[in-house]
Amino acid sequence: MKYISLSRQDIKEMMKVIGISHPEELFTPIPEKIRHPGPLKVPGPLSEPELIQLFQDIAHHQNNFASFNSFLGGGAYPHFIPAAVDYLSTRGEFVSPYTPYQPEVSQGTLQVIFEFQTLICQLTGMDIANASLYDGASGAAEAVLMANRITRRPKVILAASLHPQYRQTIKTYCQNIGLIIEEISYNEEGRIDLTSLEQMVDDQTAAVVVQSPNYFGVVEEWGPVFKLGRQKGALGIAVIAEALSLALLQPPGAEGADVVTGEAQSFGLPLAYGGPYLGFMACRQEFIRQFPGRIAGETRDVNGQRGYVLTLSTREQHIRRERATSNICTNQAWCALRATIYLELLGRRGLRELAQQNFYKANYLQEELVRIPGVSLRFQGPVFNEFVIQLPVAPARLEPYFRENKIIPGLTLEEDYPELKNCLLLCATEVHPKETLDRLVNVLTEAIARVKEKGGQE
Amino acid sequence: MIREPLIFELSDQEKSAFSWPPLDVPARKELLAKLPLRGEIDDFPQVSEPEVVRHFHRLSRTNYSVDEGFYPLGSCTMKFNPKVNEKIATLAGFTEGHPFLPEDLVQGNLRVLKWMEDLLSEITGMAAFTLQPAAGAQGELTGMMLIRAYLESQGDPRKYVLIPDSAHGTNPSSAHLCGYRVIEIKSNQQGTVDLDALRTAMNKEVAALMITNPNTLGIFESDICEIADIVHQQGGFLYMDGANMNALVGRFRPGDNGVDVIHLNLHKTFSTPHGGGGPGSGPVGVTKKLEPFLPVPVIVQEEDKFRLDFNRPHSIGRVRSFYGNFLVVVKALAYILALGSEGLKEVSEIAVLNANYIRRSLEGIYHLQYSTPTLHECVFSDKHQKKYGVNNLDIAKRLIDFGLHPPTVSFPLTVHGALMIEPTETESKRDLDMFIQAMKRIADEAVHQPELLKEAPHSTYVRRLDETRAARQPVLRWRPEPEEEK
């Protein structure tokens, strides 16, 4: 049978050793009356060619987005992935081991984690980083829990411009342990409203959580936000959904962040309909005992050779059980490997160049779009590779024209922000050549003109 | 052996491994200047592509993996990862879809998710599944939140969760994160849940019992239905940690036997590779009663169309972004379909056969704390070897010299000096025999050459590492040597 390596003769010999005449006898601990009579209603077995055919049909016929140009971002970003990332990361030696519990036979995985931690520290400007978390959303939730443990305060202030799914995840994680969550609005620039923040932060506030570039693509000024928090003893949590921005913008560590967390899908992971992605987290040295997740550290072997181990495990669930800093066990090590390969291939210059190209592309597209009569820029703040425009008509009315032209123009924001009527969040990266950007501008121009011709409600 | 440096030590700013095409839109530097720009990233690596490729290639060769050989890490189910699943998960239709694409363009993805939910329901007998949790521990947390949400909707979330002393550390940690206090239930002489202890501890303040079945000793909790009754009579829920589902597939459906919530590990039972520590996937199955509380969104099938339902007023909310570790689900679905119902039943049959073959072959040579029959794994201890000054860690490290991965040694806490062995169904008799022979020889070495074990491993890229030093003087990132700083 499939994926089984015993012959009938093997089984016979093994049964003889055990002293049974049929493998079923080994299941006597499961009382007869509670056994499943079977068979399970599961299709198959399918041969390899049948499997390939089935999944090709699902992937390429039942999914039918391949011919579309998409400008979707919002926490998941299309980026080019160098060939060596796939080539190296798919080596069985990286794909098929477990968590490196036996360091002497896991130095590859452990050294990669150590390099990953270093790269994350360099990018964020922080002292220490962990081996990864599930994704940006659960990373943000872990950061909030960490701030609560450090400050022993019950209140957390979230920027309304923090990714809606991250806010929802934080709420889910916090709902059973008595944390109070407050949200702070954004101003006309699309940035956190400092005056309201000043009124909201008090001596009960554990942390202020701000994303930059935020969900609207606008670059926040972390410094003043974290300063206001610190005056009341609240920690500053910086969230980054587009990790590529770290190559261009002032790192949160230099702006007074205490904890930095986010999503590093952009570093060599495909969009993959939302996962697996790569949560990362970094913090200041003094918070190490409250830091969640796996950490690799350098040490020596008995011969004095440098080597790496998982360390500081007294923080973790397998030692501390219910008093652990997190329940996390399996994380996203293989995704962190891909990010490490990606970052080391691009290097300092390649990463900076890429970040600049993203910036110029998005800003070009933004400028071209707001030239269209009736289209305006929703927020005045500077953006990285995403931005929000306001349309003169409801996006749903433009939909048929976009479909006809095989374009997914961006994300409507009204579901998450009812006040942002007719607003679209668009993203442009290095995967969008100028012609594609121009085509979007042309299609939108024509679509608006045709809808307006038709008249009716705007 | 060549010592592989850290990439930072190879870095030279004149080298480069990658270049981008020229920018095809105007470079508006005056716009860029409006941003709070950072300077160059200090000490960020800059190397050539050959150097990067050799770096990772060489590093990979210092890893032991299930592609290389026997990996009997107990409770981790390190089975072979079928290669066709990896290929399927790289189809562009699966890798290139943005999670916010309109539903009508990703019907294939939604079908994969829904199909997987339905198959897992069939395999476990649960009413519904969510695939959102990223790994087992997040599944546990999600499952406990579902129980709490239901109890809260009845006006009383309760205070305590009962957990057997043999449980995985993630169980108490997940319960705690959900706002519960943990009460430990002692095991009986047979290594299973003590029904009297359970009856005493169970009352109307207890929200749930979290049970692992088979438990971490590999023993099936035969009283599962009685356990469920005791918990249910007091209005509590039975949570089953499904990490050991590999022993039960096709034979026992938890949902038919009183289990209210279960999490599975697709990276264990359903063969997706562990990647050196993830990505995993920790789907959670529930009974009808708990279904309204599942995380959003829920995938709904209407005739042959699929859609995402966000309008779920009782939902606990999200536990992460988007819809879970989608590509992991794709691989696990391919695995299930490759096996079919007969193949799945054979998984548990051979997994249990292999484990019992090892158990019987090593019984007497290594100490077995519990004589109770076991299913997919067996837990020995170092009791016999202790008298020669050798412990379970020494035995584990010596196994490495035989080209084998050690069993789990840190766990379960109920067996002192545990050696927890889970061979899985994919291993050949030859590999099992190699392991058995190595274990026998090590037992012999423990008597005659204990220092050989104390100093093991001898054959590896690095020798035994000083974990105390790593924890006491933490070096958690590379920094340049001081003389390079000027």
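**View 1. Chain A is assigned two domains in this predicted model.** Domain 1 of chain A is made of two stretches, 69-80 and 347-454, while domain 2 of chain A covers 83-341. The C-alpha centres of these domains are 29 Å apart. Where they touch, domain 1 of chain A contributes 25 residues and domain 2 of chain A contributes 25 residues.

**View 2. Here we look at the side of domain 1 of chain A that touches domain 2 of chain A.** Two elements give two or more residues to this side: helix 11 (333-370) and strand 12 (386-390) of chain A. Helix 11 of chain A gives the most, with seven residues. Sorted by class, this side of domain 1 holds 14 nonpolar, eight polar and three charged residues.

**View 3. Four strands of chain A form an open sheet with antiparallel pairing.** Reading across the sheet, the strand order is 11-12-15-14. Strand 11 (376-377) and strand 14 (411-412) of chain A sit at the edges; each has a single partner strand, so one side of each has no neighbour in the sheet. Strand 12 of chain A pairs with strand 15 (residues 423-427) of chain A in the antiparallel sense, over five bridges.

**View 4. Helix 11 of chain A meets helix 13 (residues 434-454) of chain A.** Their axes come within 10 Å and cross at roughly 20°. Because angles under 35 degrees count as roughly parallel, helix 11 of chain A is roughly parallel to helix 13 of chain A. The crossing is right-handed. From helix 11 of chain A, the residues involved are A:Lys361, A:Tyr364, A:Leu365, A:Glu368 and A:Leu369, and they meet A:Leu437, A:Val441 and A:Leu444 of helix 13 of chain A. By class, this helix contact has six nonpolar, no polar and two charged residues.

**View 5. Finally, chain B touches chain A.** The contact draws 173 residues from chain B and 157 residues from chain A. On the chain B side, the largest share is 23 residues, and helix 11 (residues 326-362) of chain B supplies it. The side of chain B that touches chain A has 90 nonpolar, 48 polar and 35 charged residues.

Key:
Residues are numbered from 1 along each chain as its sequence is written. Chains are lettered from A and ligands numbered from 1 in the order in which they are written. This is a predicted model: local features need pLDDT of at least 70, side-chain atom pairs count only at pLDDT 80 or more; totals for chains, interfaces and linings use all residues. Two residues are in contact if their C-beta atoms, placed from the backbone, lie within 7 Å. Ala, Val, Leu, Ile, Met, Phe, Trp, Tyr, Cys and Pro count as nonpolar, Asp, Glu, Lys and Arg as charged, and the others, Gly among them, as polar. Domain bounds come from an automatic or database domain assignment. Two strands pair if DSSP finds at least two bridges between them. Axes are lines fitted to C-alpha atoms, for helices over the stretch in contact, and angles run from 0 to 180 degrees between N-to-C directions. Angles under 35 degrees count as roughly parallel, over 145 as roughly antiparallel, 65 to 115 as roughly perpendicular and the rest as oblique. A crossing is left-handed if the near helix is turned anticlockwise from the far one by less than a right angle, and right-handed if clockwise.
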